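Welcome, and please open the model in your viewer.

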Amino acid sequence: MKRVTVYLLILVSCSIVIAQDTVFVAVDGNNLSWDGTESLPWQTIEYALSQITPSAENHVVLKVLAGHYSPSTNGEEFPIQLKSNVTLTGDGMNQSILDA
């Protein structure tokens, strides 16, 4: 009985997985009615950050799709204050441009 209990305890502790969500932002996205998915991305990084609830158990990747992000192009606000447990990524060098 003790061996079974030990094995079950190990299985339970190994099954804890840190979740990861990915949300998307695009210059031509929509903050008013879209949901931050790849097919319906939000328009600004600031808005995306206001919609997510990252934690140590739920890391969030904020994917900035190709485009020029600035106050004059898509209304992006700077400085951007990232939350803990958020990773900001882009589509590549010279693809996702943040221009304060």
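What share of the contacts in the protein chain with a separation of 6 or more comes from residues 24 or more positions apart? Such residues account for 64% of them, where contact means heavy atoms within 4.5 Å. Before you click further, note that this is a predicted model, in which local features need pLDDT of at least 70, side-chain atom pairs count only at pLDDT 80 or more, and totals for chains, interfaces and linings use all residues. Residues are numbered from 1 along each chain as its sequence is written, and side-chain values use heavy atoms, with hydrogens and water left out.

Now switch to cartoon view.

Next, select Trp42 and Tyr47. They form an edge-to-face aromatic pair, 5.8 Å centre to centre with 75° between the planes. Rings of Phe, Tyr and Trp (its six-membered ring) pair if their centres lie within 6.5 Å; planes under 30 degrees apart count as stacked, over 60 as edge-to-face and the rest as tilted. Trp42 counts as buried because its relative accessibility is 7%, with buried meaning under 20% relative accessible area, exposed over 50% and partly exposed in between (1.4 Å probe, protein chains only). Tyr47, at 25%, is partly exposed.

Finally, go to Gly75, in the loop between β3 (67–69) and β4 (86–90). Leaving aside residues up to four places away in sequence, Gly75 touches Thr44 and Ser70.

Definitions and conventions:
Helix = DSSP H or I, 4+ residues; strand = E, 2+ residues; numbered from the N terminus.
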